[in-house]
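Hi,

Here is the structure I said I would pass on.

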Amino acid sequence: MDSRNAGQPVKRKKRYVRTKELERRRAMREQEVRNQAAAGDNVRPLRPEDFQSRPSSGNMGGTTQRSRNEGTGRAYDSRYRPRYEQQSRLRREEESAPRSTPTRRPAGPDPSRPSQKAERSAATAAKRPPKKRKRYKRVPKEKAGAVAFTLPQRQESDFTLIASIILLSFIGIVMVTSSSYYSAYNKFGDSFHFFRRQIMWLGIGVVAMVVASKFPLAAFKKLAFPAYILANICLVLVLLVGSEKNGSQRWLGVGSLSFQPAELAKIAVALYMAYLVEKHGEDITSLKTFCKLLIVLMIPTILVFIENLSSAIIIAAMGVIIMFVGGVRLKHLFCIGIPIIAVGVFLVVLPKIPSDYLPEILQKFSEAYAYRAGRVWAWMDPWAYAQNEGYQIIQSLYAVGSGGIFGVGLGQSIQKLGFIPEAHNDIIFSIICEELGLFGAGVVLLLFFLLIWHGIKICIYAPNRFTSLVAAGLVGQVAIQVVLNVAVNTNTIPATGISLPFISYGGSSLLFLMASMGILLNISQYTRRNSAG
């Protein structure tokens with residue numbers, strides 16, 4: 001022994017194990033303990049204190065081995081190896097010895113056996129009768145661009161629109177009676193002939209308006225295509241077997257019952273054009289879709305144009321309004337407007353060209369449209385054609401100018417006494433100006449303005465795109481007829497046979513006009529403004 005270490009206690013060699021090795025052994029032991037517990041062996045698992053360092057027996061200074069090794073990354077392992085060897089030996093003896101009892105199942109439910117709750121559910125289900133499988137009705141897929149037809153809660157109709165229709169109809173009855181009693185007495189011997197017929201057609205029209213206002217709104221969308229086909233068939237029949245009145249073949253019917261298919265075509269075009277524009281959706285801006293819509297619009301327009309220029313103008317204008325509101329590009333509309341204007345100018349100038357310089361086919365066109373072209377020349381200078389095309393224009397201007405502010409009085413018109421032919425038809429606005437003056441004409445125009453304005457609001461607040469387009473077409477029809485009729489009576493545009501809505505005498509025109517107002521009232525009952533309260 002070294003003399004330097006004399007008097008000092010002999011230090012035993014201590015066994016140290018690195019921390020990582022200790023952790024590996026500890027994880028290994030824990031796995032073995034779990035395996036033994038699963039096998040049914042009653043072995044106490046190791047506790048954390050089994051791996052902690054113990055005080056050394058040779059510690060004379062009162063400090064522990066653990067306190068000396070703190071922060072060094074080492075741990076004391078004086079008891080780990082003997083215990084591990086002992087437990088390993090016991091485990092080998094247990095495995096080699098024959099077992100008299102079966103291995104105990106680990107704690108917890110047996111996965112191979114169903115639970116009691118599952119057994120009770122299976123028994124209850126076995127007692128119940130088998131359920132019948134529900135058969136769901138197959139719903140067809142919506143077509144591209146189609147929109148579900150949903151409506152808000154039904155409300156009351158637009159009161160202002162109803163009041164305007166009633167007042168205009170009442171003024172129409174009064175003015176038809178006042179302007180027609182002289183000609184009715186000379187022709188039929190009855191001064192109230194046109195009055196009674198106007199009352200009759202107005203009553204039928206009111207019934208049609210009520211039915212249209214109560215008709216299911218979604219059904220108009222389904223009837224759009226059948227109505228369009230029916231209108232075209234009637235227009236073809238008019239050209240083949242139609243009856244002629246006042247030099248025009250416009251009526252279709254049997255005996256005294258007849259109607260103008262052009263009036264039916266107005267509603268049919270409004271419904272079907274709105275349906276097509278709503279169906280195409282975003283494709284409305286494409287040239288291909290525009291050409292399709294143009295073809296659909298031109299078929300009834302051309303059929304009506306052959307015998308009735310004024311109705312053809314209204315039908316074409318209604319279609320253009322619906323396409324414009326639907327989102328058609330303006331450049332497409334301008335592209336069709338330029339050729340139409342060019343054709344119109346050609347037809348006006350054609351009769352002025354000597355027939356010797358025209359081919360045979362153009363000579364036939366010149367003869368057929370000479371009367372219509374003469375209206376344009378008479379509009380430019382009515383006194384130059386005072387004995388033929390300009391006669392009605394001059395008499396209408398006399399009536400408008402002689403009324404003054406308050407007119408000559410109801411029933412006191414002079415121009416209706418044979419000077420204006422059929423004053424109760426297209427030229428009735430000039431009689432209103434003569435008898436009621438500027439004040440009476442302003443009241444009539446104000447009522448039309450209220451009707452058109454509320455129709456525009458119905459179009460804006462319509463429940464869906466289809467009804468909005470239909471409302472735009474029907475309101476556009478009334479607006480166009482009012483503007484063109486007043487313009488003709490004041491010689492602002494060439495003379496055409498366009499009647500004044502609700503006021504001019506007419507049978508089928510009043511009937512279908514009231515029906516279109518019924519559709520507009522039907523749409524007003526579902527507007528978003530009404531449903532919002």
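What stands out in the contact list is sequence separation: among contacts in the protein chain with a separation of 6 or more, 72% are between residues 24 or more positions apart. Bear in mind that this is a predicted model. The chain has 19 helices and 5 strands, and 39% of its 533 residues count as buried.

Let me take its two packing partners in turn.

On the α9 side the contact is made by Ala262, Val269, Tyr272, Met273, Leu276, Val277 and His280. α10 brings Thr289, Lys292, Leu293, Val296, Leu297, Pro300 and Val304 to it. By type, that contact splits into 11 nonpolar residues, 2 polar and 1 charged.

The other partner is α18 (residues 508-524), with an angle of about 15° to α9 and 8 Å between the axes. The cut-off for roughly parallel is under 35 degrees, and α9 and α18 are therefore roughly parallel to each other. The crossing is right-handed. Glu263, Leu264 and Ile267 of α9 meet Ser508, Ser509, Phe512, Ala515, Ser516 and Ile519 of α18 here. This contact divides into 5 nonpolar, 3 polar and 1 charged.

Now the core. Which residues touch the most other members of the largest nonpolar core? They are Phe502 and Ile503, in a core of 98 residues. If you set aside neighbours within four places in sequence, Phe502 is in contact with Ile165, Leu168, Ser169, Gly172, Phe448, Leu451, Leu510, Leu513, Met514 and Met517.

Are they buried or exposed? Glu422 is partly exposed, because its relative accessible area is 33%, which falls between the 20% and 50% cut-offs. Asn491, at 16%, is buried, as the limit for that is under 20%.

Cheers

Key: Residues are numbered from 1 along each chain as its sequence is written. This is a predicted model: local features need pLDDT of at least 70, side-chain atom pairs count only at pLDDT 80 or more; totals for chains, interfaces and linings use all residues. Side-chain values use heavy atoms; hydrogens and water are left out. Contact means heavy atoms within 4.5 Å. Helices (H or I, at least four residues) and strands (E, at least two) are DSSP runs, numbered from the N terminus. Ala, Val, Leu, Ile, Met, Phe, Trp, Tyr, Cys and Pro count as nonpolar, Asp, Glu, Lys and Arg as charged, and the others, Gly among them, as polar. A nonpolar core is a set of buried Ala, Val, Leu, Ile, Met, Phe, Trp, Tyr and Cys residues joined through side-chain atoms within 4.5 Å. Buried means under 20% relative accessible area, exposed over 50%, partly exposed in between (1.4 Å probe, protein chains only). Axes are lines fitted to C-alpha atoms, for helices over the stretch in contact, and angles run from 0 to 180 degrees between N-to-C directions. Angles under 35 degrees count as roughly parallel, over 145 as roughly antiparallel, 65 to 115 as roughly perpendicular and the rest as oblique. A crossing is left-handed if the near helix is turned anticlockwise from the far one by less than a right angle, and right-handed if clockwise.
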